[in-house]
Amino acid sequence: MTDECGPGDGRRPVSRRRFLASTAGTGLAAALAGCPIGGRETPHGATVTERSESETVGTTRETTDDSTVRWAFEPLTEAEGKAIERALYDHGLSADVDVRFEPGDPDPAQRLAEFEQALASDEGGPDVFLVESDWVIPFAARGQLAELSALVSEERLAEADGEYFEALAALGGSPDGETQFGVPVSADFGTMLYRTDLVEAAGYDPVEDDWATEPMTWEEWSNVAADVTDHAGVEYGFTTQWDIYEGTACCTFNEVMSSWGGAYFGGRDNLFGPVGERPITVGADPVVRSLNMMRKFVHDEGVSGLEAYAGGFAPTEILGWIEEGSRVPFTNGDAVFHRNWASTLTAIVSDLEDGGASERAERIGAIPLPYAVTEDEARTDGTGGTTSAVRGRYVTVDSDSRDRDAVAQVLEVVTDPAFQTDLIAILGWLPPRPALYESGDVWNAEGVGEYAPTFGVAGANAMPAPVTRVWNDQASLVAQQANRAVGQEVSSSKAMADLASNLETIERSAR
C-alpha cells in the first residue's frame, strides 16, 4: 500500500488547540496484552468516570418500551455518552431504538476479562461490544461474534473492503478474510513526532522538504537526529518503546523489522495463519539488520553495512520504556524525535498548553516513520517502505444477541462516515477511513487537522500484528528476544535464531 493520503505541502490549516476538555478513550495502557488503547486516564490526564457493570449511561431522549440495544463500551463520562447518543439519532437511528451504554473497567485487561465472561454467558448480556484490535479474531474463533453479513447492508459491508484502511479491515475479519466480524470505528498509527524549532534551528526545512508526507530513509533520518541533537544540546535524540511487553512485539519492533523488508512469518499474506503452516522468517538477514540498526542508535555500535548511519543518540532507557515513560522526556523538551501513537500527539499538545507551554506546543511536528528499503527492494511481500503499527476500536455483535433488527440499525449508523467523523470531536478518535484524511472533516478538526496528511500516510502503510490464537504466547517471546538483542545481551542473529526456534515450537504444537 503506497497511496499517500492528504496534501504534502506541509500546510498548517488549523491551530493546535486541544480537543474538548472532557475527551476520553485514547489512554496509553499499552503495557497490557494487545497494545490496548483504553486506560485509566484520558489523553489530557482527566480521570474518567468509572462505573460498575450494572450502571449505564442514560439516553438524551424519552425512552420507549420498544427495542433496547445494550452496548458494552469503554469508560465514558455522562456528557460523552449523551453526545454519542445524540450523534446516533442525528445520523438516522430510529427513535424506537433505545441505546444503553455499559462502560467497562478502565483497565483494558480487566475489561477484556469482563467481555470474555459476558460473551461466554447464556444469561443475556450486552448486544454490541466495542473491542480492541486484537480481540476480534480470538472472539470470532470461539464462535462468540455474529457474522456482520446478517446484520449490515451489503453496501456498508463492502465498505470494509474498499473504504477502510486495509490493515484495519484485516483485523476485523476471519483469518482467511472471507467473513467480517467487526467494523472499525477508530484508528491509531505509529508516528514519529519531532521538535520543529530544534530542527529548524539546526538548518533543516521540514516544510520545503515535505517531511509531513515524504518518508526519509533510516540512514538519512539517523544523521538528521544526531546532528540536531548535537546542535540543540538536548539530552536525547530519539525516544521510543522497547521494553519486554506486547507493544514491542506488535508495534515498535514490527515497524522497524517490516521497514527493512523483514517479517515474522514470511510476509503480509501469512499474518493471520494458517498457524502451523507458516514459514518462520525472523532469522532472515533483514530482521537481523533491523536490530543491528537499533543497537547502533542506542550504543553507536560498529556494524558492517551500517557505516553511513549515525548512532548513539537514543538512550538505553528505551529498553525499559513503554508509551508513557518514553513520552515524558519529549514532553519535557529533552528529546528531538519521539515515536508514539498518533493519538498521543494531541495529548502532548494539550498537556503543554494546559501547563502554560503553548509556544512549545506549537513547535511539535509529525512525520511518517523512516524506512530502510523500498517495497520493490523488500525480500518479503507486503513489507518495505514506511511502516506503522496499527490499532483501532471495532464494533462487534454477540452471536447470541436477540434483537437483531435493532442491532442492525445501530450498526448502519456507526458505520456511517459522518458519525465516525463526529467521534473526533466527541472522543478524540481518529477515523478509520483514508478518504476522511483528505477532506475538510479531518483537516478542520481541532488538534488533528494539520497532522492529517501524516496520519493518512501512516494509515495507508500500516502493518497489523500477526494476531492468531497463539499470538499472546509468541508476543512475549518476540519482545524478550528483541530486547535482549538491542540490549547487547546476545547478538542480533543469536536472538533471532532462538526466537525462530521458539516460534516454531509454538506453531507446531498448535497444528
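Helix H8 (residues 246-259) packs against helix H17 (residues 471-486) at an angle of about 75 degrees, and their axes lie 7 Å apart. H8 is therefore roughly perpendicular to H17, a label used for angles of 65 to 115 degrees. Axes here are lines fitted to C-alpha atoms, for helices over the stretch in contact, with angles running from 0 to 180 degrees between N-to-C directions. Helices are DSSP runs of H or I with at least four residues, strands are runs of E with at least two, and both are numbered from the N terminus.

A quick word on the model: it is predicted, so local features need pLDDT of at least 70 and side-chain atom pairs count only at pLDDT 80 or more, while totals for chains, interfaces and linings use all residues. Residues are numbered from 1 along each chain as its sequence is written, and side-chain values use heavy atoms, with hydrogens and water left out.

So who meets whom where H8 and H17 touch? From H8 come Glu-246, Thr-248, Ala-249, Cys-250 and Phe-253, and from H17 come Trp-471, Ala-475, Val-478, Ala-479 and Ala-482. Contact means heavy atoms within 4.5 Å. Sorted by type, the residues of this contact are eight nonpolar, one polar and one charged. Ala, Val, Leu, Ile, Met, Phe, Trp, Tyr, Cys and Pro count as nonpolar, Asp, Glu, Lys and Arg as charged, and the others, Gly among them, as polar.

Now for two buried residues, where buried means under 20% relative accessible area (1.4 Å probe, protein chains only).

Leaving out residues up to four places away in sequence, Ser-492 touches Val-288, Leu-291, Asn-292, Arg-295 and Ala-485. The C-alpha atoms of Ser-492 and Gly-283 are 9.1 Å apart, although 209 residues separate them along the chain.

Last stop: helix H1. Among its buried residues are Glu-80, Ala-83, Ile-84 and Leu-88. Their cover includes strand S1 (67-73), strand S2 (97-103), helix H13 (404-414) and helix H14 (417-427). After H1 comes Gly-92, with a positive phi near 115 degrees.

Terms used:
Angles under 35 degrees count as roughly parallel, over 145 as roughly antiparallel, 65 to 115 as roughly perpendicular and the rest as oblique. Buried means under 20% relative accessible area, exposed over 50%, partly exposed in between (1.4 Å probe, protein chains only).
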